Amino acid sequence: MLATTHSGVSAGTELTYVKGTNPYLSSTWDPALGLFSEGTPSIAYPVRGIGYMQVGLVVETRTRAVSEGALVAMCYGHRTAYVADPMADRFVELPDDLDPMLGVYVAHMGPICANGLLHAAHDLYGPAVQRLGDGVRGRRVAVVGAGVVGLLTACFAMACDAAEVVVVDETPARLAIAAALGANVLAADEDPAVDLKRRWRHGRDDRGADVVFQCRGQTRALALGLRMLRPQGTLVDLAFYTQGAQEVRLGEEFHHNGLTLRCAQIGRVPRGLAHSWDRERLSHETIALLRRYGGRLREHVITDVVGFAEAPRFLSDLAARRRQTVQAVLSDHVEEEGG
């Protein structure tokens, strides 16, 4: 039995259920074919179990897999308590030296971002990847989007010794957070592709980012990411798009520069790496990142701590744009957490 201490809110994916834009709410998902099609929606209201960033205190246990008093990271949705089955549920026990609030990233969100770097590494080395940073070490990296996914991805790239990491976003406040984490920043309101290509030269007629991580669910962000790449560069896409892609102009930079677009989703690691890069290893990489960047992430990225009882109104305010957040965390210790 777990008593939830912290539950992270995804201001992207979760709000698609509140806004009604998630494809599961309007289409039938066939997992065998991997296709959405017209028919009875796969998910209907009331939607239960959203949320994938939970930290729980083990208050009772009947297994030797975990001890009472342990803090574990899991993905069981927003709820104040959960009965876990150690044979069916994945959990990661948190080390004592880690801020429990940062544990919301360990089970799922951190591995999502780490998997993006793994795709960049696979793009260079195929199944011979040895280290998470193989695709960014010594290379020039651009990250589009300074939400949680973009900020954590930028931290991973910096921790893996990228030559330079530049975060691009439209919001000055989010760029300030990226800068506080140690990244260089560019505003997206002009044309950062021109700035980056003037700045990052590899050779004659060869300018731009070695790899771009696209972390914003807007098609204009994808179009911008493609523009920033050097010829034959790779864009690793971690974003979730819920609408069309009219702004992605495949006849321009994508075609003329011979670019590669790779979709990185946590449900799959790159081909040939499943045996060596499972979710447990990605969680281990996340813990290592949090030990290095935890103080700055806690100070600058976690912007809201909200009581469980306030969660419905908080999500509604986010969906209606009455309130802004970077990372919100639901907690039963709001006053102690300083929220």
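Two strands are said to pair if DSSP finds at least two bridges between them, and strands (E, at least two residues) and helices (H or I, at least four) are DSSP runs numbered from the N terminus. This is a predicted model, in which local features need pLDDT of at least 70 and side-chain atom pairs count only at pLDDT 80 or more, while totals for chains, interfaces and linings use all residues. Residues are numbered from 1 along each chain as its sequence is written, and side-chain values use heavy atoms, with hydrogens and water left out.

**View 1. Strand β17 and its partners β1 and β16.** Strand β1 (residues 2–9) runs antiparallel to β17 and is joined to it by 4 bridges, with Gly8 having Val329 as its bridge partner in β17. Strand β16 (residues 302–307) runs parallel to β17 and is joined to it by 5 bridges, and here Val306 stands opposite Leu330.

**View 2. The two faces of strand β17.** In a regular strand the side chains alternate between the two faces of the sheet. In β17 (residues 327–331), 5 of 5 residues are buried, where buried means under 20% relative accessible area with a 1.4 Å probe, protein chains only. Gln327, Val329 and Ser331 lie on one side, and Ala328 and Leu330 on the other.

**View 3. The contact of helices α2 and α3.** The axes (lines fitted to C-alpha atoms over the stretch in contact) of α2 (residues 109–125) and α3 (residues 148–159) come within 9 Å and cross at roughly 55 degrees. Residues in contact, meaning heavy atoms within 4.5 Å, include Leu117 in α2 and Phe156 in α3.

Notes: Axes are lines fitted to C-alpha atoms, for helices over the stretch in contact, and angles run from 0 to 180 degrees between N-to-C directions. Buried means under 20% relative accessible area, exposed over 50%, partly exposed in between (1.4 Å probe, protein chains only).
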